[in-house]
Amino acid sequence: RLLSLKTGSLGKTTVVAVTVAKPNGTPFVKKLNVTPSDIDIIIEADTFVPEGYEGRALPGFGTKVRAIAMPHLYKDGVRVNPSDIMYTWDYNGSVLLGGPALGRRVVEFTMPEFSRATLGVRAETKDHATQVMRTETIRAESPKLVFYEESSLFGRAPLAHTSFLFPNDEATIRAVPYYIDNALVQSPARAYEWRVNGSSISLQDDPYLVTVRKVGGEQVSARAQFSFRSPEHVLQSVDGGFGIQLTDAEFITF
């Protein structure tokens, strides 16, 4: 016979009792303690997001990822210490760490370059009496390039824009590439370029910045483009642009 029941919250034990009458009328009672458990997987991508960003860094194609298991495993109504749990990690069908590993609730792996990743973990007590499993599909994000106005007084503006109108005599725009591998941000194997109306301009000390200065009174429009290239990691390349309206301006470096 089957029994469906609704359990309580995590760690709360529900007692199920089954009574069976023997042919002679003597009852036989069997009790079962049901204690719900669960496990979460936290994904931490080693990709770039700007300081103060309230979201999380997302994995990109070919980037490094760190996964942390957060078990809520109970035995006899008592929560099991995470370091006393056996963890078995599975990544795209391959078992990591050589099999079940005591206390190994953190693993690192590299995202595939042209597909998503499937990561699973099984957490169980050493006597195999209690276990829980979870599988997550991890999708890679392409790098995204956005532009912010920046000032020495207020720092980076909170909102990004695709077009700017400058009422001041001078303004600075920062290009921010989201979800690029952090190692590439510091690597010399990269190439930056700013172009204005199709013409390349000199880089500042910070290659992600371009400074705009008004030199006249006539209203003009222009289109600025920024590109980031990594010869060794083509999927970590990104480019984009924004429109500007200002009075007779030139792009300069300091």
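Here is a short chat about a few residues of this predicted model.

Tutor: Residues are numbered from 1 along each chain as its sequence is written, and side-chain values use heavy atoms, leaving out hydrogens and water. In this predicted model, local features need pLDDT of at least 70 and side-chain atom pairs count only at pLDDT 80 or more, while totals for chains, interfaces and linings use all residues.

Student: Happy with that! Is E124 buried or exposed?

Tutor: Buried means under 20% relative accessible area, exposed over 50%, and partly exposed in between (1.4 Å probe, protein chains only). E124 has a relative accessible area of 5%, so E124 is buried.

Student: And is S4 buried or exposed?

Tutor: S4 sits in the segment before strand 1 (14-21); strands are DSSP runs of E, at least two residues, numbered from the N terminus. Its relative accessible area is 74%, so S4 is exposed.

Student: How many salt bridges does the structure hold?

Tutor: A salt bridge is a side-chain nitrogen of Lys or Arg within 4 Å of a carboxyl oxygen of Asp or Glu. By that rule, the structure's count is 10.

Student: Which residue forms a salt bridge with K75?

Tutor: The closest N and O atoms of the pair are 2.3 Å apart. K75 lies in strand 5 (residues 74-75) and its partner in the loop between strand 11 and strand 12 (131-138), so the pair ties together parts 52 residues apart in sequence. The partner is D127.

Student: Which residue meets R66 in a salt bridge?

Tutor: R66 is in strand 4 (residues 64-72), and the partner is in strand 3 (residues 38-45), 22 residues apart. The N to O distance is 3.0 Å, and the partner is E44.

Methods. Helix = DSSP H or I, 4+ residues; strand = E, 2+ residues; numbered from the N terminus.
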